[in-house]
Amino acid sequence: MGLGGLMSIFALLGILALGIGALLFLILYVRLPAFLALLFMALLIGLAAGMSPMDAIDAMEKGMGGTLGFVAVVVGLGAMFGALLEASGGIRAVSDSLLRVFGDRRASWALGLVGFLVAIPVFFDVAFIMLVPLIHKLSKQSGRALLVYALPLLAGLAVTHAFIPPTPGPIAVASVLGADLGWVIVFGALAGLPAMILAGPVFARFFEGGPVSTEPEAEELVTHGVSFWHAIFAILLPLFLIVGATVSKVFFEPDHIFNFKFLRLFPIEFEASLLQTIGHPFIALMIACLYAYIAFGRAKGIAKDKLLKIMNRALEPAGVVILITGAGGVLKQVMVDSEIGKTLATAMIDNSIPIILFAFATAAIVRIAQGSATAAMLAAAGLTAPVLTALEVPLSAPQTAIIVIAIASGASLMSHVNDSGFWLVNRYLGQTEAETLRSWTVASTIVGVTGFVVACIAMAVV
């Protein structure tokens, strides 16, 4: 490569570095909403990289439309599904049943599993606020430290929030990177479960003997008679459908060693097409929503007008997530069209930087600097996607899914004072800032590091 080409690479990388710095400045100091800051930065990066104003605007429009065409539907359906499950008492049924099965001595393990399952249909903050009375009640009844119960619950919620579709973060990153959601679910669970165990029940042991809850007794929630297994079936239904579609792409090949001829009632093409159709995230979540509407709503006597209000209200917070996700897609498209992504890929290859390390580190830097896990995931996805496109050897579907988990891991690190989740935990657990840093900040870092280690091992194996 000549001196001119080298200078061009350094110039484009300098533009990228300044753009990221501008993004952090706008969010942290100017206090612009992440949606506006991402759009503004994408435009500036495109113009600085030599794009004409109209080309940059076209890239922004294409990036927004291409991302939201998928993400808006999935996030909206997921939000309504979670609201129906919450309103019917399904979340309470899951938590109460698991606690009864595990018993008082292993309640911290049960709470980790509760968080892991509940965060699939319900946003992190909503699920935590909803279950806070439960951990206060357990702490007072047992006389054990509040953090013994709080940390496992938080770890389970954080892991699923970052690693397991159809939660918005991994859905958005998978969409930007073009990853198969079935593989993301598989590797998200493989990385998430050990992360939840280490950051939750294991780490919580260090806080035995700490302060016990002094909160007044919370009012009991009314369930509507939803059983544990009924709620679990509804939560896992869309996941099984999505994973089933991914499996069908492999096992329904005519010459595959496990093509299940003995189970075939219809032609292989029909069965494969059927599984891939009902396992598409749109259809899987529509089925889950309709099932919850009928089984948890109408069948339990909830009026149609009340169900409509519940589902419409769920779309309000989802709208913010959708718009920020679209802005992340804008950043990605500008990176692609301006060829900064290609330049970045060249620099990485020349310096032997693994793509998985780049994805993790980018997400971690943005997360630590500006706080929001979702914004960090989207910024990292926008920077990583054009690099993946420019690689000489394309990644396989499982490998691309592992990159999604690496980004999720980086975005999970070090929840601290610039993260709204930090203050949510601080307020509802009645802690000082120092106590929250020693507990929740460390736990979130354990989640991120463990997830990345598992992702690296998985990348070496697949």
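## Chatting about helices and rings

Visitor: Which helix is valine 461 in?
Guide: Valine 461 sits in helix α19, which covers residues 433-461. Keep in mind that this is a predicted model.

Visitor: And is valine 461 buried or exposed?
Guide: Exposed, because its relative accessibility is 67% and the cut-off for exposed is over 50%.

Visitor: How far apart are tryptophan 183 and phenylalanine 187 along helix α9?
Guide: Four residues, so about one helical turn separates them. Tryptophan 183 is partly exposed at 27% relative accessibility, while phenylalanine 187 is buried at 9%.

Visitor: What about phenylalanine 203 and phenylalanine 206?
Guide: They make a tilted pair, 6.2 Å centre to centre with 45° between the planes. Phenylalanine 203 is buried at 11% relative accessible area, but phenylalanine 206 is exposed at 68%. Together with Phe207, Phe203 and Phe206 form one aromatic cluster.

Visitor: Last one: where is threonine 362?
Guide: In helix α15, residues 355-370. Threonine 362 has a relative accessible area of 10%, so it's buried.

Visitor: What does the side chain of threonine 362 reach?
Guide: The backbone oxygen of phenylalanine 358, at 2.7 Å. Leaving out residues up to four places away in sequence, threonine 362 touches Ala380 and Leu383.

Definitions and conventions:
Residues numbered from 1 in each chain as written. Predicted model: local features only at pLDDT ≥ 70, side-chain atom pairs only at ≥ 80, totals over all residues. Heavy atoms only, no water. Helix = DSSP H or I, 4+ residues; strand = E, 2+ residues; numbered from the N terminus. Buried < 20%, exposed > 50% of the residue type's maximum accessible area, 1.4 Å probe, protein only. Polar contact = N/O pair within 3.5 Å; in protein donor to acceptor, adjacent residues only side chain to side chain. Contact = heavy atoms within 4.5 Å. Phe/Tyr/Trp six-rings, centres within 6.5 Å; stacked < 30°, edge-to-face > 60°.
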